[in-house]
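I set out to record how two chains meet in this structure and what else deserves a note. The entries follow the order in which I looked things up.

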Amino acid sequence: MAKTILIVDDSSSLRTVVRMALVRAGYDVIEAGDGKEGLAQLDKAGKVNLIVSDVNMPNMDGITFVTHVKAHPRHKFTPVVMLTTEGQDAKKEQGRAAGAKAWIVKPFNPPQLLDAVSKLILP
Amino acid sequence: MNASTIAQPGLTSTPDDGTLATFAKAIMRSLAGRRDKPGTISSAETLCSRLDEASRTWTTHLGTAQAQMRQATEQLLSGFAQILEQLDAIIQPAHGAASGQPVTASGLDSRAQVLEACESRLRGLIQNFQGFVQSRDAVMQSVRQLAGESVSLGTMAEDVAQIARQTNLLSLNAAIEAARAGPSGRGFAVVATEVRRLSTESGDTGKRIGDHVQAFGQHMNAALKQASEHTAHDAQVIHASEQTINQVIEQVDSAVSQLNERAAELSARGEAVRAQVEQLMIAFQFQDRVHQIMDQVNSSISSAVARLQQSLKDGAAPDADEWTALLSAGYTTDEQRFASDHGSQNAAAPSSNDTTFF
């Protein structure tokens, strides 16, 4: 059974690129346009094996989203990869403190993302 | 919009580099130094009003450009995604061409396999022909041996007839000797007569056997002759068939090779196109960065105008540090920070492929 990955990004074009990379690698994908939608998708999906999240998003940013995920008893062990235009160390530190497991600065290339996913994804 | 186009009377300081920040500072410097002169406040208020109007116009245009770029990018990405799906359908293995599916690279592979199977069957047919000929040659060899045996049988029948003749002659001599013996030889004469009768019958039987063996031999030879003629004809037919099949196989070989080459070429080109399309899709990530930069610019314009209006009310210009902080608030990319730190120099988007693991 294919593993499921949640993509959270307000840019639909970015979600398309990420989705194609992940689907081509054999993963199932669900999507959300911001942190709030991401939490709703998690509630609906029940379990996902990994989350790929942007940082700067409307309604709920990625750092806040990860904080909520890590506070959720069902999802607190789900690994999160931040995929963002932000490259500042201060921002990365915020992501690490919130509970993210990896930080990739856009533009990314698919092998880079797939490498991080394969290293972190839950069985 | 150039600042000089909205220069107002009473302002002695005109921005020399045309940036919004410099222009705003010039307004505030002018305002701070000339508050006592009539018309200065109203001129500054007019300028701020114009600036506010300009900022709204710029923001609207930026929003329009963003929306158009986002829509166009999404359409392009959607189109590329469809192209990739179609390429996958062409390149990736599908079921055989024999199922009537459209010709694809994989379909060509299947056809090539079918043609190779046909070639194998035709070669098998030739082998069957050759096996048939060999079997018939073996049968003909047995028939020839049988014909040779019939000659031996004829010789043996002749031997039997010869023995019968000699026996007949012997019985005749025995009868003569029995007659000479007189009454004591009568019994012997009866035996001699009976032997003569038997030898005569043996001779007749031997002759009939000889006749049958001869007839058998003649039939056998006729059959052999007929079979030899058929063998020669069959050899010609088989040879001609073999040549035809070889020609067909050569044509099939050529077709198979061409199809295989074509299939390989299609796959290679498909892979190349797919790689290029994937690279293009990756390159379209610029839209996300541009979108975030423009969002920040929009936000910064609004903040700057609001701050200038507040400065007008307060009668004091924001200091350089505050102004810089206001303009840089909400930066999300390194190139924004670089451009802010290095004046008007443009910075390229980062291309680092490093992943930070926590």
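**Entry 1: a salt bridge between the chains.** I began with one pair of side chains, and found that A:Arg24 and B:Asp88 form a salt bridge, with 3.4 Å from N to O. I note that the model is a predicted one. I then asked how many salt bridges are counted between chain B and chain A. The count is three.

**Entry 2: polar contacts and the elements involved.** I looked up the polar contacts next, and 16 residue pairs are found across the interface of chain B and chain A, both residues at pLDDT 80 or more. Which elements of chain B give two or more residues to the side that touches chain A? I listed helix H2 (40-91), helix H4 (186-283), helix H5 (286-314), helix H7 (334-341) and strand S1 (355-357) of chain B. H2(B) gives the most to that side, with six residues.

**Entry 3: extent of the contact.** I recorded 28 residues from chain B and 34 residues from chain A in the contact. The two chains bury about 2600 Å² between them, and 53% of this lies on carbon and sulfur atoms. On the side of chain B, the residues that lose the most area to chain A are B:Gln285, B:Phe357 and B:Phe358, which together account for 27% of what that side buries.

Entry 4: I followed S1(B) to its partner, strand S5 (residues 102-105) of chain A. Three bridges join these strands, and they run antiparallel. Within this pairing I noted A:Ile104, which stands opposite B:Thr355 in S1(B).

**Entry 5: a helix pair within chain B.** I turned to H5(B) and helix H6 (residues 320-328) of chain B, whose axes come within 8 Å and cross at roughly 145°. Among the residues that make the contact are B:Ser300, B:Ala304 and B:Leu308 of H5(B), with B:Trp323, B:Leu326 and B:Leu327 of H6(B). The residues of this contact divide into five nonpolar, four polar and two charged.

**Entry 6: backbone details in chain A.** Which residues of chain A are joined by a cis peptide bond? I found A:Lys106 and A:Pro107, with omega about 0°. A:Pro107 belongs to the loop between S5 and helix H5 (110-120) of chain A. I also noted A:Asn59, which has a positive phi of about 65° although it is not a glycine. A:Asn59 lies in the loop between strand S3 (50-53) and helix H3 (62-71) of chain A.

Methods. Residues numbered from 1 in each chain as written. Chains lettered and ligands numbered in written order. Predicted model: local features only at pLDDT ≥ 70, side-chain atom pairs only at ≥ 80, totals over all residues. Heavy atoms only, no water. Contact = heavy atoms within 4.5 Å. Buried area = accessible area lost by both parts, 1.4 Å probe. Salt bridge = Lys/Arg side-chain N within 4 Å of Asp/Glu carboxyl O. Polar contact = N/O pair within 3.5 Å; in protein donor to acceptor, adjacent residues only side chain to side chain. Helix = DSSP H or I, 4+ residues; strand = E, 2+ residues; numbered from the N terminus. Pairing = 2+ DSSP bridges. Axes fitted to C-alpha atoms, helices over the stretch in contact; angles between N-to-C directions. Nonpolar A, V, L, I, M, F, W, Y, C, P; charged D, E, K, R; others polar.
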